[in-house]
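Please read it with the structure open.

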Amino acid sequence: MGFIDSHILSLMTFLPLAGGAVILCLPKGNDNLVKIIAAVASFFPIPLAARLWFAFDQTVGGVNVANQFQFVEHYSWIPSINVEYFMGADGISMPMLVLTALISFLAVIGSWEINKQIKGYMALLLLLETGMMGVFASLDFFLFYVFWEVMLLPMYFLIGIWGGPRKEYAAIKFFLYTLLGSVLMLLVILALYFNTTNPETGGHTFNMLHYMTQSVHNAWLKDFDVRILLFLGLFIGFAIKVPLFPFHTWLPDAHVEAPTAISVILAGILLKMGTYGLMRISFPIFPDVTVWFAVPMAILGVINIVYGALCAMAQSDLKKMVAYSSVSHMGFCLLGMAALTPAGMVGASFQMFSHGMITSMLFFLVGVVYDRAHHRDIDGFGGLGAVVPVYTFFVAVAFFASLGLPGFSGFVAEAMVFIGSFPVFRTIVIVAASGIIIVAAFHLWALQRVFLGPLNPKYAQLEEINAREIFCLAPLALLTLYFGVNPMPVLNLMSTSLLKLVDVVKMVI
Amino acid sequence: MPLGNLASLSHFLPELAVTATILLLVVTHVVGKSRQSAAPALLSLAGVGAALLLTALQPSAPGKLLFEGMVALDGFAVFFKALTALATIVVIFMSMESAELADRSQAEYYIFLLSVLLGMFLLSASTDIVMLYLSLELVSIPSYLLAGYLKGEGKSTEAATKYVVFGATASGVMIYGLSLLFGLTGTTHLGEIGRALALGKATTPMFLAAVMVAVGFGYKIAAVPFHMWSPDVYEGAPTPITAFLSVGPKAAGFAILVRFFYTVFASPDAASGAWKLSSSVDWTVLFAVLSAVTMSVGNLVAINQTNVKRLLAYSSIAHAGYMLMGFVLLTPDGIKAILFYLVVYLFMNLGAFYVVILVANATRSEDIADYSGLGTRAPFAAVSFAIFLFALTGIPPFSGFIGKVYLFAEVINRGVYWLALVAAINSVVSLYYYARIIKVMFLEDPKDKSEIAVPAFPRAVLCLLAVPTLVLGVYWEPVIRVAANSVKMLVF
């Protein structure tokens, strides 16, 4: 296990890429072989993630201390400007790495029925997985940025080639929005690079952990106005990804047009990168600005919660409704983080993990009905519960998990967010709580319109959910339920680091 | 101490190799039977290859002044000689494949092409305003002929005419500026002019001279507002020539721009390792604005183009704007960033034009709309094109991104934040039109479903261009070291 253990993050990151390369080299017409290779390549990271989880020492924090990171790989890459290949995991990234491994594999399985240019599709999907893993594993800002951008290309093509009727518009909109965010991030990275020094060597560095040591910032970087600008530059980059109101408009388009499995990845993992970036990068590098900006962040979070939920309620397209519900749910992450309390921070991180599973279920389920009925109009169904009971069961589970019913992981996360943030922002949290009601309302209303009431005779012969689809859904449903009843394994995994993050941010007050 | 004429010859081998090849081509043209034989192309390849090899073997340190101070042999000149020779080799490959040129006289074409190369060699090394002007014209005049090489085709003739008119105007303005400098200082040698100006106080004539010379160089690198000729010329000229003009003469233009302004209007500051303005002409602000305007105009106008060559013409204007960012900073790192960018730009831009040639050979069209479904009609060419376009946009893991990082980094390091922000937003704008081609290639169904065959030789050349575009995006340490070493400009 020596080699595997010492390169576990690299293996998780690059095995999918290797699988993609193999797929590209296959001759035409081996569709099944392509799918099998893709499944195998994306399966590998799961046992590695399990290994990661069990070998992870939950008692050390990480965050800004290099030697507290685990599974570290640290090599020089471009010595002349000190770019390093620096990967490592702590409690902030662990849940995301596990989630990425799981969701990516399920997305490959969920794409089994795709037959249009399957080679390209699977190769891009695997490249996407590499990008996502890399983002969650990198500790060098340059490396992080490269992975962050590498994701854009496959995503653009996956939406643009395999998407729905307005795929071209959705794909370029997604691409332009995210690129705008990332070029701002690039400028901030370079500003940080030139205004900090590596305390060990005295040279400039891209190592993001060094940036977190406030004493290495030079006079220019200590100026609070400058820090606000840099923080906002990063914040916009991350907010576009989350997406936070008013940067969210790419999301409904991208989600609606993307093929099912890509929506799953988009909602399940990509959105989390925004909030992950805030936790991993923005907060510890600019703790003082974070405290200064906490209230606006909480307000943005609440706008997301309430506005997202209201938009979701207004949708007649089931997929668009689910997409807006993501906007709403990501608002909880931001609210919890902005509170800068242990419970809020842990709640936010747990919400990222839990929402990743729940929203993946929702998008899979929308895909199931769309494959059969070829539309997603909520009012166009009716009484499906009697025709497809198993499917209805899974939808009910996912909807109840999503609306925050106790017993599911979403409830635990949202409860912790509220507990953590209520003492800090009372009014804001009360407004946010009203969002919960809207969230419950649109879920139940949709459930009622699609599955209850008189049967729409058009769908009397609707095909029941098949074994492959259940294979994608069951693990997610079980995990949501399991972590809803017993959240401790995940909470233990991340809490040491998150408490440390809170300390790091609070230190300056 | 400048070397005398005879002693200089042994340091002048690459130029001699090109000259010999040109003369041989003339002989082939006269005695050759078929005007379409491949012999001139192969002969030119051999000649330029030899020149490239001789350049690589040339010891550039310590720098020398050749021919009584007319041209310099230093790391900077060697770098540009290698770069332009490499570009010429790729352009010869392109010309051999191009269907446009297949029925034209071959030997003459290569004579003109190699004359431009010789001009570029001399231009990037000139240290005397007479030499500078002569070599600039040696680049320009064969370029006019090449742009109009498709005799009988309206667009090509129009291109050549516009090119001549604009070129003559620009060079007229420039020589007026140069004569002002001579009048102010009484010498034609760049270094001596610089020293004389540093003492003088004649601000207005000096500024006038600087602006007028800038017109000439701005025209060569197609910077706004001297860019008007380039879209029409790029569209009308044979595609290999378009590719050539967008890389070779542009690089040589940058070389002389840097050498001229740094030796005449600035001097190296030993303490900080940077240059400082030695005269009262503050040209850096002027060029910073020029850079911002150039990239913005190039990108914004490119959005509406429907002809792929025109689109790439505007994109290359925008790239000149990006590169100017490195020019205004008065630092070796800024120049290093330009040099590095030129290397990655060579591969990605020539690559993009190469695909345009391959597609035009099959479809006889340069309309973006006719690229529809290229992803299924010619997957290899389409994927390569996508790589080049994403590299031009500046998205990792492609080399264009690294090039931009160095330019942005230097601008931010010197605190010119507004320029960095303008450039960053420009990158996003550029994605829109590059992605439009990609959209048409991959996201739209083909109008004509027939497969476009890409033979083995063009495939190999495409690989030759695509592989560095990918590799330099992941590991670029050796190239940046070469660029850093080539910054050492001979100052005397």
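1. Domain bounds, as used here, come from an automatic or database domain assignment. For chain A, that assignment gives two entries: domain 1 covers 1–184 + 245–280, and domain 2 covers 300–509. Note that this is a predicted model.

2. The mean pLDDT of chain A is 90, and 99% of the residues of chain A reach 70 or more. Among the elements of chain A, the lowest mean pLDDT, 82, belongs to helix α1 (residues 2–6). The highest, 94, belongs to helix α7 (residues 141–150) of chain A.

3. How far apart do the C-alpha centres of domain 1 and domain 2 of chain A lie? The separation is 22 Å. Across the boundary, 37 residues of domain 1 of chain A are in contact with 39 residues of domain 2 of chain A.

4. On the domain 1 side of that boundary in chain A, at least two residues each come from α5 (94–110), α13 (250–257) and α14 (260–285). The largest share is that of α14(A), with 11 residues. By class, the residues on this side of domain 1 of chain A are 22 nonpolar, 13 polar and 2 charged.

5. The axes of helix α4 (residues 75–97) and helix α5 (residues 106–125) of chain B come within 8 Å and cross at roughly 165°. Angles over 145 degrees count as roughly antiparallel, so α4(B) is roughly antiparallel to α5(B). The crossing of α4(B) and α5(B) is right-handed.

6. Which residues make this contact between α4(B) and α5(B)? From α4(B), they include Ala77(B), Phe80(B), Lys81(B), Thr84(B) and Val91(B). From α5(B), they include Tyr109(B), Leu113(B), Leu117(B), Met120(B) and Phe121(B). By class, the contact of α4(B) with α5(B) has 10 nonpolar, 4 polar and 1 charged residues.

7. The last point concerns the two chains together. Their contact takes 23 residues from chain B and 25 residues from chain A. On the chain B side, α17 (399–413), α18 (417–443) and α20 (477–486) of chain B each supply at least two residues. Of the elements of chain B, α18(B) gives the most to this side, with 11 residues. The side of chain B that touches chain A divides into 18 nonpolar, 2 polar and 3 charged residues.

Notes: Residues numbered from 1 in each chain as written. Chains lettered and ligands numbered in written order. Predicted model: local features only at pLDDT ≥ 70, side-chain atom pairs only at ≥ 80, totals over all residues. Contact = placed C-beta atoms within 7 Å. Helix = DSSP H or I, 4+ residues; strand = E, 2+ residues; numbered from the N terminus. Nonpolar A, V, L, I, M, F, W, Y, C, P; charged D, E, K, R; others polar. pLDDT = per-residue confidence, 0-100. Axes fitted to C-alpha atoms, helices over the stretch in contact; angles between N-to-C directions. Parallel < 35°, antiparallel > 145°, perpendicular 65-115°, else oblique. Left-handed = near helix turned anticlockwise from the far one by under 90°.
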